[in-house]
Amino acid sequence: MSLHPLTLLFAAALLAALATRLWLATRQMRHVAAHRGLVPPAFASRVSLEAHQRAADYTVAKTRFGLLTGAFGTALLLGWTLLGGLDALNQWVGEAVMPNWGGLLYQLALLSAFVLIGAVFDLPFEWWRTFRIEQRFGFNRSTWRLFVADLLKSALVAAVLGLPLAALVLWLMASTGGWWWLWVWAAWTAFNLLILVVYPTLIAPLFNKFEPLRDETLAARVQTLMQRCGFAAKGLFVMDGSRRSAHGNAYFTGLGAAKRVVFFDTLLAALTPGEVEAVLAHELGHFKRRHVLKRMVAMFALSLAGLALLGWLASRSWFYTALGVSPNLAAPNDALALLLFALALPVFGFFVSPLAALLSRRHEFEADAYACAQANGADLASALIKLHQDNASTLTPDPVYVRFYYSHPPAGERLAALSPSPA
Ligand SMILES: [Zn+2]
């Protein structure tokens, strides 16, 4: 018996990714623990030793948990693919559903069953993260009831949005010939743009309350900033982020005229008006420097490339057999192809994630520079320190871990870039 090269490549990538994660997590935990005893000098006047140690403990707890979920995820992925899980599920759904319902419904049933099983496996981890780790460090505000309600609502939203999209994609794959991937890409792109429009007004309010920003002094200050930056938004909103978590945030959402600014109530509680303005100026910087647009274009280009690749792979029987699935003889294989692709691709994507993280960190520096030009740099610096403390983010991450994973530069690097360099 000889193994297909794709089998070997996939198995090797899976093991290499797991080993890399293990190595990085171990480095991070060691580094953070080694610097637990001393607040870095740049922060010594503003961060207490107690807060620094809490951040260290939180970071270690999260990293250790990430190791556990990563190892479990690898085992599950192996189970779905090379160990025959997806093959067994496909046969089971085929026997149960196919004779009565026909091709499209069988494929939708297969996709739904896969997503449902994944969610069930995910649930204990999500539970542990919320009610053990977040709880232990005082971040969790969610309750058992809210957790379950969120779960049911998310499942409903996923079904309402996901099933019609999946049906459309499967139909396009079956009926548009060799160029199906181009049609699917167009549908996928349109779907993403639609979500951008409906998310702030229809979906987000299912989970949180949004109220207009009542603080008039702050609202006036924010409006002035946005005018100065030439930015139009439909409104300023405060979101009850404190319902679930003590972590604070601010973001822009929507597209075109539907754009709105959302502040977490937790953010407003923690920051002074000047600091809120500086944080918002940073977010505006992401728009003004076209990071948001660039990210969207990159995402659409990548999905086009991915679908083109799948268009080629889906008609090759070795693509299925090499990843542990026997292709259907009497039924369409499109849902199987989509699932296998979604399972295998992230394994290879893991190795390019440092590049994405690098670009993201560059964007953060650019947005910080923009904020300094439009608002007060000292306010931004103190907001950064407060947010780091409130989120118990470590001030002393392992440099290699940062290069690999961090979408934001560590606080020390950001502060150094903010403060005017000595002459
Ligand atoms: Zn940013």
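**A helix crossing and a sheet**

Tutor: The axes of helix 5 (residues 144-175) and helix 12 (residues 334-349) come within 10 Å, crossing at roughly 115°. The model is predicted, so to speak of local features requires pLDDT of at least 70, and side-chain atom pairs count only at pLDDT 80 or more, while totals for chains, interfaces and linings use all residues. Residues are numbered from 1 along each chain as its sequence is written, and side-chain values use heavy atoms, with hydrogens and water left out.

Helices (H or I, at least four residues) and strands (E, at least two) are DSSP runs numbered from the N terminus. Axes are lines fitted to C-alpha atoms, for helices over the stretch in contact, and angles between N-to-C directions run from 0 to 180 degrees. V169, L170, M173 and A174 of helix 5 make the contact with D334, A335 and L338 of helix 12; contact means heavy atoms within 4.5 Å.

Elsewhere, four strands form an open sheet in the order 1-2-4-3, with mixed pairing; two strands pair if DSSP finds at least two bridges between them. Strand 1 (210-212) and strand 3 (250-253) are at the edges with a single partner strand each, so one side of each has no neighbour in the sheet. From one strand to the next, the twist averages 30°.

Strand 2 (residues 236-239) pairs with strand 4 (residues 260-264) in the parallel sense over four bridges, and V238 stands opposite F263 in strand 4. Helix 7 (residues 216-228) lies across strand 2 and strand 4, at about 130° to strand 2. Helix 9 (residues 273-288) also packs on the sheet, where helix 9 touches strand 3 and strand 4 and makes about 35° with the direction of strand 3.
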